[in-house]
Every structure is written in C-alpha cells, then in structure tokens.
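Subject: Structure handover, ligand site

Hello,

Here is the structure for your records. My notes on the ligand site follow below.

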Amino acid sequence: MRNIKWIVLVVVILSMIAPMAMAQDSGEGLTIGFSQIGSESAWRTAFTNAVKAEAEARGINLLFSDAQQEQENQIAAMQAWIAQGDVDAIVLAPVVVSGWDVVLEEARDAGIPVVIVDRNVDSDPSLYVTRVSSDFVHEGRLAAAWLVQATSGNCNIVELYGTVGSAAAEDRATGFREVIGMFSGMEIIASETGNFVRTEGKQVMESILSSEDPANICAVFAHNDDMAIGAVEAIKEAGLVPAEDILIVSVDAIPDIFDSLDAGEVNATVELSPFMGGPAFDAAIAYLNGEDVPKWIPVGGGLYTNRADYDATH
Ligand code: GZL
C-alpha cells in the first residue's frame, strides 16, 4: 500500500513538472531582446514580422528594438537590456560585421546568451551561441552562375552594392566575383552602394546610366530586390527595356520581385528566407537548457525566374 502512495506522489510531481519542461522547450515565459537593424527593405520588414509572429506563437515576451540602420543604436539597446537584467537572451541582427566585441563581452559577463541572426560579426565565436543565417557567398555564386548562362559568359555588369561593411554585401560580392572571374568576358564595369534601399538603388542606377554608355551595360546584379526594383524604374525612365536591354538578377525573393518577374521586368532572384526566428529561439532555449548548439544554423534558398516555380516549392 505504501508503494502505491509513493508511485502516486511521484506521478503527481512529474505531471506538475512536465508542463514546465514543455514550456521551456517552446520558450514560453522567456523574455528575449531582439536588436533589429531597421526597416530599410521589404525583406527586413518581412523578417521582423516573422520573428514577432514566432515569439507571439510561442508565448515569448519579445523586447524589440529598431536601430534605424545605426550600429550605435543596436549596441545601446543591448546595453540597456543587459543593465536592466530583464532578458533571458538576446537575438542580434548586426548591421555591419565589426564593432561588437565590447557589448558581446558585456552580455557574456552578465550571463546573457546572444544569438546572431542574418548578417555576421567578426567577434570571437565564443562570444555568441550561434549564427542563424543563409550563405551569402553561395547567393552571390548563384546569381553569377545564372548570369553566365544567360549571357554565354560575355557581359558588362553594373553592381548595386548593399550596405558597405555588412556581411550580406561583402559575401554576395565575393561569391559573385568568384564565379564571373572564371569567364574573361564577364566584367563589373561599375559598382556603387544603394544601401539595400529601393530609392537609393534607383538613384545609383540613374547616375550610372548617365555616366556609362547604356548600350555598353549588359546586366545589373543588385544585392537585394529593393535596389533591383529601383533600378528597373531608372532603366525604364531612360527609355530602355529592363530584363531585355539590361538583364537584372538580385537577392531576397520578396513578394514585389515576383510582380516584376511576372511583368518581365526582372530576370531572376535568389531566395533569402525571413523565417529565422524559430531556429534562433530554439538555439537560445537549447543553450539555456545546457545543450550543445552548433556555431552555424543555415537557412536555405534557391534561384527563381518565375512565380510558379517559387509557389511550387513553398
Ligand atoms: C541579407 C540581409 C539583407 C537583405 C536586404 O541577409 O541582411 O539586408 O538582402 C536587407 O534586403 O536590407
């Protein structure tokens, strides 16, 4: 009889603990600070919305900071959360690669794990739990490979560069140059930053169309769709036919780019998934539970030349 009472007591206690363990697995009840770069592009906005929706679905209390593309604002937000001691973890989408050592050391010293999402930092990997991101170098290679096959390896290229110093821009440029460098007929004749912003992409393209002979421009490689769409407007206003007179390949696969593909105004885009919130929260939770976490958690994406192919795989 005594054994039965012990068994009942153990079962009751486990039934009380189990939901708490499950809650920890989902992250419910955790407070997580999310330091976001800004809202410079449609992809960034989609990324923000996806992270917020994921936190809501999990019952995570998300503290959100929009840094307006200023690193100092990101650092200030992180330091405030660290000082207040009111976060269990921090998710950081770093605007540029360098300048994070001090704040990451402060988080470490405060016992607050940091998960890097999207772009990268050049800090020692021991200062953060993991990085959830796509492979930007691969994205650049994919864009270049498409352009090589579309032009038989002969093309004068205008590059609309992303934010200078950001991993997304630097690595896409690296991958793109790695592939076109195999073809003597492929040359970047102009490269300027549009900072991942649609209006700046248009302005830069307008400037290049006035400084270069448009007939000498074969294609545009834009580091993101927003700048590509800006370039389309500039090309049309110059009396040229986008995606025909000047080919256009970019990155992000935002909804607007599929409208451009449908309209025959852009040729191809490389997908960048905005759904990094789930893997980031899972990594933070695993770390808090004392589990090992790999230093990189990749998100994938392919190249698309039309909406139907994208819809067929999403
Ligand atoms: C890349 C991301 C880039 C997007 C742009 O992962 O950092 O920043 O390609 C965004 O749209 O501005």
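In the side chain of Ser41, an N or O atom is 2.8 Å from an oxygen atom of the ligand. That is a polar contact (a pair of N or O atoms within 3.5 Å). Arg172 also has a side-chain N or O atom 2.8 Å from a ligand oxygen atom. For Asp252, a polar side-chain atom lies 2.5 Å from an oxygen atom of the ligand. The protein covers 100% of the 310 Å² of accessible area that the ligand has on its own (Shrake-Rupley method, 1.4 Å probe).

Please note that this is a predicted model: local features need pLDDT of at least 70, side-chain atom pairs need 80 or more, and totals for chains, interfaces and linings use all residues. Residues are numbered from 1 along each chain as its sequence is written, and side-chain values use heavy atoms, without hydrogens and water.

Now the shell. It holds 13 residues, where near means a heavy atom within 4 Å. The closest are Glu40, Asp118, Arg119, Arg172 and Asp252. By class, five are nonpolar, two polar and six charged. Gly counts as polar, and Asp, Glu, Lys and Arg count as charged.

Two helices, α2 (42-58) and α6 (167-180), each supply at least two shell residues. These are DSSP runs of H or I, at least four residues, numbered from the N terminus.

Best wishes

Methods: A polar contact is a pair of N or O atoms within 3.5 Å; within protein, one must be able to donate a hydrogen and the other to accept it, and residues adjacent in sequence count only if both atoms are side-chain atoms.
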